[in-house]
Amino acid sequence: MIWLGIDTANSPLAVAIVKDGKIVAAETRNMKVNHSASVMPAIEDIIKKAGLSPSDIDAIAVSQGPGSYTGVRIGVTVAKTLAWTLQIPLAGVSSLKVLAANAGIYQGLVCSVIDARRENVYGGVYNSAHQLESVIDDGHYSMASLLEKLKEIGQPVLFVGQDVDVFWQQIKQQLGELATRAPYTFDLPSAGQLIYLAEQVELPAVEDTHNFVPTYCRLVEAEANWLKEQKEQKR
Amino acid sequence: MGEFIMENIYILGIESSCDETAASVVKNGTEIVSNVVASQIESHKRFGGVVPEIASRHHVEQITVVIEEALKQANIQPADLNAVCVTEGPGLVGALLIGINAAKAFSFAHGLPLIGVHHIAGHIYANALVQPMEFPLLALVVSGGHTELVLMKEDGNFELIGETRDDAAGEAYDKVARVLNIPYPGGPQIDRLAHESDGEVDFPRVWLEPDSYDFSFSGLKSAVINYKHNADQRGEAINPMHVAKGFQDSVVEVLTAKTLRAARQYNVKQVIAAGGVSANKGLRDALTATFNKEGIPFYVPPLKLCTDNAAMIAAAGTSMFKAGKRSDLALNGRPGLELLSWNK
Ligand SMILES: Nc1ncnc2c1ncn2[C@@H]1O[C@H](COP(=O)(O)OP(=O)(O)OP(=O)(O)O)[C@@H](O)[C@H]1O
Ligand SMILES: [Mg+2]
């Protein structure tokens, strides 16, 4: 069983090939990457390095979001097009869970954080003592409200993701000793972890590849405004 | 040379530059084998125009569906294709990226050549799907984002001889429609109103310098806005039909006159119109009558080939394919892409 994993949900780019439970090749880049220009060359390269051709791939795992709208869409578009046209199964995994998986051997709560600007984050909290069971659902939160929820839970939390730095002061202020910052080696998504998580779900994880879309966790701003206007008019 | 066997060329075209997700299979650059378009107009209507993020989200939902449908209707396997052609630009960058990344993944999966195509080259080559193009040829490109006169001395060779200095014709149509409270997209409605009108408001014609082939529509647009504003101030109602006809006549007269002057100067064998606004009945009629009288063949594609579609991208792409043009997997969306000749 040969897996191709793709993560372009945020600024890093990660691709990997897993064959029969072994990572054969993996690459993560965290320079200023233009995903649209880079992801297909990276996929071509890693397949070649693994000594394979496209038709050898048996399944595809992709980071489904949340994250950068454009970034997530590029990964999802490439993944669903490959899966559809090669007629192989596709699995989508939360981009936040992929980050949390980096701390898989930590026995406790792991909070993945992606900066969504204006004091907001895409965040999710997982319990790595229980196979990364979800404790707080992936979502678009104000950082303050996410920390509020964590405070209520009152357990130690490990924070992962590059964007934790942006909020670290605020996190320490609200959670004090409960909060630990994971080392930077845990901050980038690994396409190997992504595939590992995808393997936990029975295939076909995605029933209909055509209908597979990113998890945005947010309405389009124009849509949100429109809905608000509709509500106000009804009043 | 001995016996020369022409192999058929089958090209898959993909287009996602604005608010249509489209895929098509074209044979030899001239024959439509399948042409699938998923329009999003209904999703954008309530916002009064295309919302880029919504467009991008719809493209992701539709892209593999339309490609599969185009292949199915053409009854063709990926292995039977010669290349995949996709709109590289101009357009909305987030929208372009979906078609481009799907095209790249598809071409990689099947080892097919990949070619990035200019959207306006596509609009022009929509004509190749209807009748053979003959050169030198003059193309009037009138769409939502473009108003241009393009001279083609030969296949794959473009010389921009005039363009709008402000609003595109389609943009002016849509803005005037808004002034008249006509829902988006207003172009077709104004066209209809103009035809049913029994009178017209006199609006200016903007000619610019005597020898210029450039256009300007923002002054005309402002004249319409002022006319409405003045009427509002006097508490008078305007007659939307008369405004529509006055506006349309001004646009059509300028477009037609400049196209005629250019056709004469460059001694062209064929004049074609392309782009969404060439669906305009007033414009089609005026150009047809003018060039009939002039004795120069004039063509405009049927309506469904005037607006965005992927058959036109495949048609232009076929000419590029024959000229040996290829893109690599680093192909990216280029919202401001310039129209460059592939045959110099
Ligand atoms: N009958 C008509 N009369 C006038 N304008 C029309 C008519 N039908 C469509 N249009 C206009 O055509 C435009 C859409 O054309 P098209 O789809 O070619 O543009 P686009 O693809 O958005 O822009 P571009 O091709 O420049 O990127 C809109 O502005 C619309 O109002
Ligand atoms: Mg167009």
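The model is predicted, so to speak of local features a pLDDT of at least 70 is needed, and side-chain atom pairs count only at pLDDT 80 or more, while totals for chains, interfaces and linings use all residues. Residues are numbered from 1 along each chain as its sequence is written, chains are lettered from A and ligands numbered from 1 in the order in which they are written, and side-chain values use heavy atoms, with hydrogens and water left out.

**Where the chains meet**
- Chain A brings 34 residues into contact with 30 residues of chain B (contact means heavy atoms within 4.5 Å).
- About 2,800 Å² is buried between chain A and chain B, and carbon and sulfur atoms give 67% of that area (buried area is the accessible area, with a 1.4 Å probe, that two parts lose on being put together, summed over both).
- On the chain A side, A:Arg73, A:Trp84 and A:His210 lose the most area to chain B, together 20% of what that side buries.

**A salt bridge to find**
- The rule finds 2 salt bridges across this interface (a side-chain nitrogen of Lys or Arg within 4 Å of a carboxyl oxygen of Asp or Glu).
- A:Arg73 forms a salt bridge with B:Glu53, with the closest N and O atoms 2.9 Å apart.

**The magnesium site**
- B:His119 (NE2), B:His123 (NE2) and B:Asp308 (OD) coordinate the magnesium ion (ligand 2) at 2.0 to 2.3 Å (donors are N, O and S atoms within 2.8 Å of the metal, or 3.2 Å for Na, K and Ca; water is not among the atoms, so sites may look incomplete).
- B:His119 counts as buried at 7% relative accessibility, and B:His123 counts as buried at 2% (buried means under 20% relative accessible area, exposed over 50%, partly exposed in between, with a 1.4 Å probe and protein chains only).
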